[in-house]
Amino acid sequence: MLLGNALRGAGSIAAFLELHIEQGRVLENEGDAIGVVSGIVGISQYKLSIVGQADHAGTTPMNLRRDAMVCAAYLINNVHEAASLTSQSDDSFVATVGKVNVFPNASNSIPEIVEMELEIRGKDYNKVQEFVSSVMTRFKSKAMDMGVSVTVENCGEKEPVFFDANIMGAIEKSTNDLGLSSARLFSGAGHDAAYMANLAPVGMIFVPCQSGRSHCPEESITPEQAEAGCLVLKGSLKEIDAS
């Protein structure tokens, strides 16, 4: 079943604001009460399949192996090291191999097939694409040296979204009027605001959450944090309405 066309068109609403927990530890670590979100990262997702050869783990000499898991481990480590280096100049940049399936998945069998999913996020779309190209070039070269084959499937691209400067200013004014501290930061998680940006100027307000935990039973904020977020939202709406 396909979704129909959007019921609202661009320009049909004046603005959109979203209040949310940060889902990270930046505000908590810095002691700021409010996060003024400047945008949402782009997300690139890939499925990778590595095919080697399943042989007996006890009888196959090391120099005769075509071990798909070893090649997968090379990629995982390379992604981590390269992303860590890139993040030194862009703290929004992250890369994760978060899903791995191994076949035949037996202790006495050399892995023949490894399926993985790689996700890269960042506010600089060109930097994300350059990272993917560089990592994949090294990965495919390594796979060839090891005698295994690889396939890479691009499963989705979402470009970064940058929020409206006037709305960010309204949020900051509302925060200052309440005597609260704030910091600008990029969101590393996706939100409704990314899609509403197609219709209107958008902005987001973050409040800290306990230890940055999210989507788990430990997710928690205090009543004071909730109140601060709601008051900033109220003040921001008044500022935008008056402009």
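**Nonpolar cores and aromatic pairs**

Leaving aside its neighbours within four places in sequence, Ile120 is in contact (heavy atoms within 4.5 Å) with Gly42, Ile43, Ser44, Tyr46, Phe93, Val94, Ala95, Val128, Phe131 and Val132. The model is a predicted one, in which local features need pLDDT of at least 70 and side-chain atom pairs count only at pLDDT 80 or more, whereas totals for chains, interfaces and linings use all residues. Residues are numbered from 1 along each chain as its sequence is written, and side-chain values use heavy atoms, with hydrogens and water left out.

Ile120 is found in strand S5; helices (H or I, at least four residues) and strands (E, at least two) are DSSP runs, numbered from the N terminus. Because its relative accessibility is 0%, Ile120 counts as buried, a term that stands for under 20% relative accessible area, while exposed stands for over 50% and partly exposed for values in between (1.4 Å probe, protein chains only).

A nonpolar core is a set of buried Ala, Val, Leu, Ile, Met, Phe, Trp, Tyr and Cys residues joined through side-chain atoms within 4.5 Å. The largest such core has 27 residues, of which Ile50, Leu118, Ile120 and Phe131 touch the most other members. At least two residues of this core are supplied by each of strand S3 (42-51), helix H2 (68-86), strand S4 (94-103), strand S5 (113-122) and helix H3 (125-146), and the largest share, eight residues, comes from H3. Apart from this core lies another, of 13 residues, including Leu17, Met168, Ile205 and Cys209.

The structure also holds two aromatic pairs, where rings of Phe, Tyr and Trp (its six-membered ring) pair if their centres lie within 6.5 Å, and planes under 30 degrees apart count as stacked, over 60 as edge-to-face and the rest as tilted. The ring centres of Phe93 and Phe131 are 5.0 Å apart and the planes stand at 65°, so this pair is edge-to-face. It links distant parts of the chain, with Phe93 in the loop between H2 and S4 and Phe131 in helix H3, 38 residues apart, and both residues are buried.

For Phe162 and Phe186, the ring centres are 5.5 Å apart and the planes are at 70°, so this pair is likewise edge-to-face. Distant parts of the chain are again linked, since Phe162 belongs to strand S7 (residues 161-162) and Phe186 to strand S8 (residues 182-187), 24 residues apart. Phe162 is exposed, with a relative accessible area of 54%, whereas Phe186, at 18%, is buried.
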